[in-house]
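I opened my notebook to look up a few local features. My entries follow, in the order I made them.

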Amino acid sequence: MASENRTALVAATSFVAGIVISTLFARRQDSKRRKLSRLNAGATVEGNDLSLFYSPDIKSLCTTTEEQKLLPTNIYGKIVRDCVVCCVDCLIVRSSPITGEKECLLVERNTEPVKGVWWWPGGRMYKGETFFDAAVRKTREETGLSGARPIQILGFWCTFFPTSNWDTEDQRGTQTVQPIVLVELTEGCEVLLDETSERYRWIDLDPDLAQKNEEDKYIVEALRRLKAWNSA
């Protein structure tokens with residue numbers, strides 16, 4: 001009888017120990033997943049472009065004049081060299097007409113900074129634009145794509161460049177601050193590039209594949225943000 005009791009006690013102890021070990025392992029794995037998610041977290045809730053209006057007259061705050069769009073060359077050049085320029089870059093997503101899988105658009109830059117680098121379409125914001133407004137405009141202007149629907153801001157980056165398109169003998173380089181806005185195409189996939197880009201291509205949304213293919217770190221980071229959001 002005593003032997004049977006000892007056997008039962010050993011079995012019960014082993015069972016409890018197994019549960020404890022399994023629980024600790026599961027918690028450790030869950031902690032690793034949370035750390036990985038936090039590492040690449042930062043996207044806003046879908047539909048929120050982080051605009052704050054301090055007047056009920058939103059229309060007047062969002063009005064952009066032609067003079068504000070086309071700044072004189074000498075003034076804009078000085079801004080690029082001496083100030084931080086606010087821009088918007090666009091992670092444009094479509095469903096592949098061949099495979100049906102999601103893919104995003106890269107363009108090869110035709111001007112400085114980072115001339116010759118495969119990059120996100122995007123550029124300077126106008127005074128009076130929201131991040132979403134600017135993303136729709138830049139998508140249309142730089143790629144010719146219509147039906148762009150801004151979804152969310154994946155994060156903000158501060159980029160430092162050793163050269164710009166407005167360099168002088170005495171001053172070189174520029175600095176920009178910009179969100180990357182996730183944009184989905186609701187219609188049309190024919191790309192018509194403007195003069196700021198040389199070529200274009202569509203790539204998979206997998207950040208690990210992008211890194212393996214030696215895409216720029218800016219591209220990989222944005223895709224990791226998107227993956228983290230989709231996996232949450």
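Which ring does the charged end of Arg201 sit over? I looked it up and found Trp118, with the charged end 4.4 Å from the ring centre. I noted that I am reading a predicted model.

I then turned to another arginine. Arg137 lies over the face of Tyr126, and I put down 3.7 Å from the ring centre.

**Entry: aromatic pairs**

How many aromatic pairs are there? I recorded a count of five. I looked up Tyr76 and Trp166 and wrote down 5.4 Å between the ring centres and 90 degrees between the planes.

Where do the two partners lie? I found Tyr76 in helix α4, residues 73-82. Trp166 is in the loop between β5 (148-161) and β6 (174-185). The pair therefore ties together parts that are 90 residues apart in sequence. I checked accessibility too: Tyr76 is buried at 18%, while Trp166 is partly exposed at 26%.

Next I took Phe131 and Phe156. Their pair is edge-to-face, with 5.5 Å centre to centre and 65 degrees between the planes. Phe131 belongs to helix α5 (residues 131-143) and Phe156 to strand β5, so this pair ties together parts 25 residues apart in sequence. Phe131 is buried, with 18% relative accessibility. Phe156 is partly exposed, at 42%.

I also noted a cluster. Ring pairs link Trp119, Trp157, Phe161 and Tyr218.

**Entry: a surface patch**

Which residues form a nonpolar patch on the surface? I listed Phe53, Ile58 and Leu61, which together have about 240 Å² of accessible area. I placed Phe53 in the loop between α1 (2-39) and α2 (58-61). Phe53 is partly exposed, at 36% relative accessibility.

**Entry: backbone**

I looked at the peptide bond from Glu112 to Pro113 and found it cis, with omega near 5 degrees. Pro113 sits in the loop between β2 (102-109) and β3 (118-119). Val114 lies in the loop between β2 and β3. I wrote down a positive phi for Val114, about 45 degrees, although Val114 is not a glycine. Val114 is partly exposed, with a relative accessible area of 21%.

Is Glu214 buried or exposed? I have it as exposed, at 72% relative accessibility. Its phi is near 60 degrees, a positive value in a residue other than glycine. I placed Glu214 in the loop between α6 (207-212) and α7 (217-231).

Conventions
Residues are numbered from 1 along each chain as its sequence is written. This is a predicted model: local features need pLDDT of at least 70, side-chain atom pairs count only at pLDDT 80 or more; totals for chains, interfaces and linings use all residues. Side-chain values use heavy atoms; hydrogens and water are left out. Rings of Phe, Tyr and Trp (its six-membered ring) pair if their centres lie within 6.5 Å; planes under 30 degrees apart count as stacked, over 60 as edge-to-face and the rest as tilted. Helices (H or I, at least four residues) and strands (E, at least two) are DSSP runs, numbered from the N terminus. Buried means under 20% relative accessible area, exposed over 50%, partly exposed in between (1.4 Å probe, protein chains only). A charge sits over a ring if NZ of Lys or CZ of Arg is within 6 Å of the ring centre and within 35 degrees of the ring normal. Patches are made of residues with over 30% relative accessible area and no salt bridge: like charges are joined within 9 Å, nonpolar side chains (Val, Leu, Ile, Met, Phe, Trp, Tyr) within 5 Å. Accessible areas come from the Shrake-Rupley method with a 1.4 Å probe; for residues, only the protein chains shown count as cover. A salt bridge is a side-chain nitrogen of Lys or Arg within 4 Å of a carboxyl oxygen of Asp or Glu.
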